[in-house]
Amino acid sequence: FTLPIMDEVQRPEEKLNEPNEIADEVEDSHLQAAAVSFVEQVEIALTAAKQERKLLMVLCDKAGALNVAIWNHANVVEAIKRNAICLLIRENTLSFTQFTTLYPVTSLPTVYCIDPNNGQVLHCLSLIASQPITAAIDAVVDAIATSLTKLHQNQQQQRQQQQDLIAINELNGDEEKQGTHELLSIREVDAHSEDSMLSVSSEKLSLATPKLKSSISKLQQIREKAKAQKQLNSKSPNVSKNLEASSSASSQTISSKTESNTSTAAMLAKVHTNDNNSTTNSV
């Protein structure tokens, strides 16, 4: 059983398996037919209650026991037929174990009125042994009426919440559309600005192209001059060496010529002296 546990549950006061005169009046439900149409499958009962927007009334009772004096009464039959889907859960079954894990049952029979949409307990009723049949019938009818009022309140709140949620979604949708429109407008402005900037840049580039070509030409000329100067500098050491060698050779030649001239002058001076001496002697 998949209904959730609720915090506030009206717990039956009697302990389980204590003597219950109402429950013991009839021991065989197969022999004693009740006018109420019970459903014994949890999923079927829960689905029907949701679809028909009715209470889910759960009757927990002993195996083979059903008090037809209550469930065959016209008031109970009419109240259930108009306002509830009645689920019958027998003791010592899997459904009983699962249900009592979520909803406490301390005596049999016990009646729960539940909101099928959220599992909220709207009313809990224990048909105790000391209770007269008429009182038990009235208690069942009153439990259905009270639970039905709470169910309608819950349904109204759920509808209001759904309407609020739809309104919020619509508002968010309008805001999102407005935001999308503004974003598209901003993108269009940005695109136009970008196109304008590209156009201006192209014009500036076209105007700057002749100057750019001139600058490139001058740069190439400077590079060629620098390359030629570099080549010249690489040849300068050899030229210097050649000049030094040539200068040294010239110096040696001049020195040897000077020595030769000096020697010739000395010889001429000697011859001239000898000639003078010869003349003197002749006289």
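Which residue in E5 is the bridge partner of threonine 110? The partner is serine 126. The model described here is predicted. Its protein chain has six helices and five strands, and from the N terminus on these elements follow the order α-β-α-β-α-α-β-α-β-β-α. The strands form an open sheet with mixed pairing, and the largest nonpolar core has 27 residues.

**Chain overview**

- Of the 283 residues in the protein chain, 28% are buried.
- Among contacts with a separation of 6 or more, 80% are between residues 24 or more positions apart.
- The protein chain has an accessible surface of about 19,200 Å², and carbon and sulfur atoms account for 54% of that surface.

**The sheet**

- The five strands are arranged in the order E1-E3-E2-E4-E5.
- E1 and E5 are the edge strands, each of them pairing on one side only.
- E4 and E5 run antiparallel and are joined by five bridges.
- Isoleucine 114 has valine 121 of E5 opposite it.
- Helix H4 packs on the sheet, where it touches E2 and E3; the direction of H4 makes about 110° with that of E3.
- Helix H5, residues 94-102, also packs on the sheet and touches E2, E3 and E4. The angle between the directions of H5 and E3 is about 110°.
- The hairpin of E4 and E5 has six residues between the strands, and glycine 119 in this hairpin takes a positive phi near 80°.

- E4 is largely enclosed by the rest of the structure, because five of its five residues are buried.
- Thr110, Tyr112 and Ile114 point one way from E4, whereas Val111 and Cys113 point the other way.
- Five bridges pair E2 with E4 in the antiparallel sense.
- Valine 58 has tyrosine 112 in E4 as its bridge partner.

**Nonpolar cores**

- In the core of 27 residues, Met57, Trp71, Ile80 and Val140 have the most contacts inside it.
- The elements that contribute two or more residues to this core are strands E2 (55-61), E3 (84-90), E4 (110-114) and E5 (121-126), together with helices H3 (68-71), H4 (74-83) and H6 (133-282).
- H6 supplies the largest share of this core, with eight residues.
- Leaving aside residues up to four places away in sequence, methionine 57 touches Trp71, Ile80, Ala84, Ile85, Cys86, Leu87, Val111, Tyr112, Cys113, Val140 and Ile144.
- Another core, of 22 residues, lies apart from this one; Val39, Val42, Ile89 and Leu102 are among its residues.

**Aromatic pairs**

- The structure holds four aromatic pairs.
- One of them joins phenylalanine 38 and tryptophan 71 edge-to-face, with 5.7 Å from centre to centre and 75° between the planes.
- Phenylalanine 38 lies in strand E1 (residues 38-39) and tryptophan 71 in helix H3, so this pair ties together parts that are 33 residues apart in sequence.
- Tryptophan 71 is buried, with a relative accessible area of 1%.
- Phenylalanine 99 and tyrosine 103 form a stacked pair, at 4.9 Å centre to centre and 25° between the planes.
- Both phenylalanine 99 and tyrosine 103 are buried.
- One aromatic cluster is made up of Phe99, Tyr103 and Tyr112. Tyr112 is also one of the buried residues of E4.

**Asparagine 154 in helix H6**

- Asparagine 154 has its place in helix H6.
- Its relative accessible area is 12%, and asparagine 154 counts as buried because the cut-off is under 20%.
- With residues up to four places away in sequence left out, asparagine 154 touches Asp115, Gln120 and Leu122.

Definitions and conventions: Residues numbered from 1 in each chain as written. Predicted model: local features only at pLDDT ≥ 70, side-chain atom pairs only at ≥ 80, totals over all residues. Heavy atoms only, no water. Core = buried A, V, L, I, M, F, W, Y, C linked by side-chain atoms within 4.5 Å. Buried < 20%, exposed > 50% of the residue type's maximum accessible area, 1.4 Å probe, protein only. Helix = DSSP H or I, 4+ residues; strand = E, 2+ residues; numbered from the N terminus. Contact = heavy atoms within 4.5 Å. Areas by Shrake-Rupley, 256 points an atom, 1.4 Å probe, with all protein chains shown as cover. Phe/Tyr/Trp six-rings, centres within 6.5 Å; stacked < 30°, edge-to-face > 60°. Pairing = 2+ DSSP bridges. Axes fitted to C-alpha atoms, helices over the stretch in contact; angles between N-to-C directions.
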